[in-house]
Amino acid sequence: MLVLTFKHVVADFFLQNSWMALGKDQKTGWALPLLTHCLMHLGVALLLILIIAPRFWFVAVIDFAIHLMVDRGKGLCVSSFDVTPEHQWFWWLIGIDQALHHLTGFGLSIFMAANG
């Protein structure tokens, strides 16, 4: 869980730039920023998993797919309802987004621990 949380912080906050963060929530042109952002998650997860537990390499792909769906869902809400940081929903969406990402890490960690 700590490794996947570390991966999440690195990929979501240190490696994500404004183009990705703002672009993935747009009405149009969201696909490339979203894909780039989620590929960062895939790369960091894969690297860490290959170092620690290489037989679970596919967990990085699962994490990538779930991250893509969660972020696209948030992006659809932001773009469909014109949610901005001034709106309370913006902060609720960020909270829900982060909670879902951490629950993903928790679930994947349990899977690896139970099958390790």
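H41 is found in helix 3 of this predicted model; helices are DSSP runs of H or I with at least four residues, numbered from the N terminus. Residues are numbered from 1 along each chain as its sequence is written. The model is predicted, so local features need pLDDT of at least 70 and side-chain atom pairs count only at pLDDT 80 or more, while totals for chains, interfaces and linings use all residues; side-chain values use heavy atoms, leaving out hydrogens and water.

**Around H41**
- H41 touches K7, H8, A11, D12, D63 and H67, not counting residues up to four places away in sequence; contact means heavy atoms within 4.5 Å.
- The side chains of H41 and D12 are joined by a polar contact of 2.9 Å (a pair of N or O atoms within 3.5 Å; within protein, one must be able to donate a hydrogen and the other to accept it, and residues adjacent in sequence count only if both atoms are side-chain atoms).
- H41 and F64 lie 23 residues apart in sequence, yet 6.3 Å apart in space, C-alpha to C-alpha.

**The cavity**
- One cavity of 30 Å³ or more is present (on a 1 Å grid over the protein atoms alone, a set of points where a 1.4 Å probe fits but cannot get out; lining residues have an atom within 4 Å of a point).
- The largest cavity holds about 90 Å³; grid points are joined across faces, edges and corners, and a volume is the space filled by probe spheres set on the points.
- Its lining includes K7, H8, D63 and H67.
- Helix 1 (2–14), helix 4 (58–80) and helix 5 (88–115) each supply at least two lining residues.

**The largest pocket**
- About 370 Å³ of space lies in the largest pocket (an open set with protein on both sides within 12 Å along at least five of seven lines).
- Of its 19 lining residues, A21, D25, K74, F90 and I94 lie nearest the centre.
- Helix 5 gives the most to this lining, with four residues.

**The second largest pocket**
- The second largest pocket has about 190 Å³ of space.
- Helix 3 (31–52) supplies three residues, the most to this lining.
- Nine lining residues are nonpolar, one is polar and none is charged (Ala, Val, Leu, Ile, Met, Phe, Trp, Tyr, Cys and Pro count as nonpolar, Asp, Glu, Lys and Arg as charged, and the others, Gly among them, as polar).
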